[in-house]
Amino acid sequence: LKFLDDPSFGQLETALADKDAETAFRAAHTLKGICANLGFKSLFEVSYDITEALRAGDMEQAKVMWPGVQACYARVENALNQLEQ
């Protein structure tokens with residue numbers, strides 16, 4: 001449940017909006033690693049993809065991928081909130 005306290009998702013969102021590729025990469029990479037450790041397979045996969053786009057410096061592709069990351073994150077967030085109740 002502590003996953004929701006991690007700032008990586010918000011940092012990624014802010015960095016993409018600010019067109020800050022370096023910060024976006026770090027946030028995506030952190031999010032990807034956390035998801036791998038926790039077994040959040042779907043969120044890991046989209047986090048991996050956006051991390052690789054950012055590693056290549058392709059902010060436009062990362063922005064195209066962002067809605068998929070948001071959707072997967074929302075599903076994980078909803079599931080964790082249901083567990084907490």
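1. Start with glutamate 22, which pairs with arginine 26 in a salt bridge, the closest N and O atoms sitting 3.0 Å apart. By salt bridge I mean a side-chain nitrogen of Lys or Arg within 4 Å of a carboxyl oxygen of Asp or Glu. Bear in mind that this is a predicted model, where local features need pLDDT of at least 70, side-chain atom pairs count only at pLDDT 80 or more, and totals for chains, interfaces and linings use all residues. Residues are numbered from 1 along each chain as its sequence is written, and side-chain values use heavy atoms, with hydrogens and water left out.

2. Both partners of that pair belong to helix H2 (residues 21-38), four residues apart, or about one turn of the helix. Helices here are DSSP runs of H or I with at least four residues, numbered from the N terminus. Glutamate 22 is exposed at 57% relative accessibility, while arginine 26 is partly exposed at 42%. The cut-offs: buried is under 20% relative accessible area, exposed is over 50%, and partly exposed is in between (1.4 Å probe, protein chains only).

3. How many salt bridges does the structure hold? There are three. Moving on to helix H3 (residues 41-55), glutamate 45 and lysine 41 are four residues apart there, about one helical turn. Their side chains meet in a salt bridge at 3.9 Å, N to O. Lysine 41 counts as exposed, with 59% relative accessibility, and glutamate 45 as partly exposed, with 38%.

4. Helix H3 also carries glutamate 52 and arginine 55, three residues apart and again separated by about one helical turn. These two form a salt bridge whose closest N and O atoms are 3.1 Å apart. Glutamate 52 is partly exposed with a relative accessible area of 27%, and arginine 55 is partly exposed too, at 47%.

5. Now for lysine 32, a residue of helix H2.

How values were computed
Helix = DSSP H or I, 4+ residues; strand = E, 2+ residues; numbered from the N terminus.
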